Amino acid sequence: MKQEKFGVLLVNLGTPEAPTSSAVKRYLAEFLSDKRVVDVSRLIWWPILNGVILPIRSPRVAKLYQSVWMEEGSPLMVYSRRQQAALQARLPNIPVELGMSYGQPALKSAIDKLHDAGVDRIILLPLYPQYSCSTNAAVFDGVARHFASMRRIPSLNFIRDYAEHPAYIAALCSSIRASFAQHGQPDMLLFSFHGIPQRYADQGDDYPQRCRATTQAVAHTLGLDAERYMMTYQSRFGREPWLTPFTDKTIEQLPAKGIKHIQVICPGFSADCLETLEEIKVQNKEFFIEAGGETFEYIPALNDDALHIELFYQLVMEQIGRSA
Ligand SMILES: C=CC1=C(C)c2cc3[nH]c(cc4nc(cc5[nH]c(cc1n2)c(C)c5CCC(=O)O)C(CCC(=O)O)=C4C)c(C)c3C=C
Ligand SMILES: [Fe+2]
Ligand SMILES: [Fe+2]
């Protein structure tokens, strides 16, 4: 029997092509039109998105992107490309492609490249450690949409998430230990995850449970006392209730409780991006210092750290072992 040819498809969210109002508008329009992200009826959502959100948010958010933009591009893209290159170097005989759910490189072009390389089994690894319908399921939908136009679809191994994978927990613990060694142990270690609407969780999205699983595994491995760490949710959007407690509201209240030194890690972001480098490292630091806090350290995302690439390698090898 012919041996299967494996290929890896890494997928992240996507990011604007440039830190300009028009590029941000194009990106947000595609992202916020996905029903997995905003599930409100199109009849209601379309005029709000096009008449209010895009015209007001695009120029404001473009300025924020300008403040974190790197020489080689948007941080999310730069780190995702580095992850792809590092995993490709670790897996020289298996093609590794990067696709984005929104914007470029599109999922379609990444799948086409794997197809052209003769891949007949794709290992699909969404770069979101904690499953959510708004991210991991959207990746699945995006791939399925492209498959719908193909005569001969490959086999597919979908990695649903890796919230509790020992290599992921080890990589997070290593970053935290390095931060403690450099800055001392903080009064509070904050685990800040991107939020989602509370309603999505009420309707069955197990995202909050997956975030808790990560936090508890890390706290347990590090032997943290319950009063020395907290889990919060950042980046809320729109008017309906989102998961609580909120990162910003929590951070503002800590100094009054005598907590003057905090360190913040965002384990749900596999790559540093606007939401970590601007919202956490700049905005939330300001909130903490203005409220009387003294020391605020942001612990970087795992990006292309060796232990992060080792995690991806293990995830891929586990799938190959399962399919052999
Ligand atoms: C209803 C809106 C949104 C949901 C639900 C949502 C879930 C979600 N997002 C991420 C990861 C990222 N989000 C990023 C940016 C971002 N997110 C939203 C909205 C929702 N996210 C918006 C509008 C934006 C753009 C910035 C802004 O306008 O505020 C990013 C960063 C992208 C970058 O270019 O740097 C990431 C990554 C997760 C993990 C998640 C659910 C668990
Ligand atoms: Fe988001
Ligand atoms: Fe944000």
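This is a predicted model: local features need pLDDT of at least 70, side-chain atom pairs count only at pLDDT 80 or more; totals for chains, interfaces and linings use all residues.
The complex gets an ipTM of 0.98 and a pTM of 0.98 from the predictor.

Residues are numbered from 1 along each chain as written, and chains are lettered from A and ligands numbered from 1 in the order written. Local features need pLDDT of at least 70, side-chain atom pairs need 80 or more, totals for chains, interfaces and linings use all residues, and side-chain values use heavy atoms, without hydrogens and water.

**Ligand 1**

There are 27 residues around ligand 1 (a heavy atom within 4 Å). Thr15, Arg57, Tyr65, His194 and Leu274 come nearest. Polar contacts are pairs of N or O atoms within 3.5 Å.

| Residue | Polar atom | Distance to an oxygen atom of ligand 1 |
|---|---|---|
| Thr15 | side chain | 2.5 Å |
| Tyr65 | side chain | 2.6 Å |
| Leu274 | backbone | 3.0 Å |

Taken alone, ligand 1 exposes 810 Å² (Shrake-Rupley method, 1.4 Å probe). The protein buries 95% of that. Elements giving two or more residues to the shell are α1 (21-31), α2 and α10 (274-277). Helices are DSSP runs of H or I, at least four residues, numbered from the N terminus.

**Surface patch**

Leu43, Ile44, Ile48, Val52 and Ile56 make a nonpolar surface patch of about 510 Å². Patch residues have over 30% relative accessible area and no salt bridge, with nonpolar side chains joined within 5 Å. A salt bridge puts a Lys or Arg side-chain nitrogen within 4 Å of an Asp or Glu carboxyl oxygen. Val52 sits in helix α2 (residues 42-68). Val52 counts as partly exposed because its relative accessibility is 43%, between the limits for buried (under 20%) and exposed (over 50%).

Terms used:
Patches are made of residues with over 30% relative accessible area and no salt bridge: like charges are joined within 9 Å, nonpolar side chains (Val, Leu, Ile, Met, Phe, Trp, Tyr) within 5 Å. Buried means under 20% relative accessible area, exposed over 50%, partly exposed in between (1.4 Å probe, protein chains only). A polar contact is a pair of N or O atoms within 3.5 Å; within protein, one must be able to donate a hydrogen and the other to accept it, and residues adjacent in sequence count only if both atoms are side-chain atoms.
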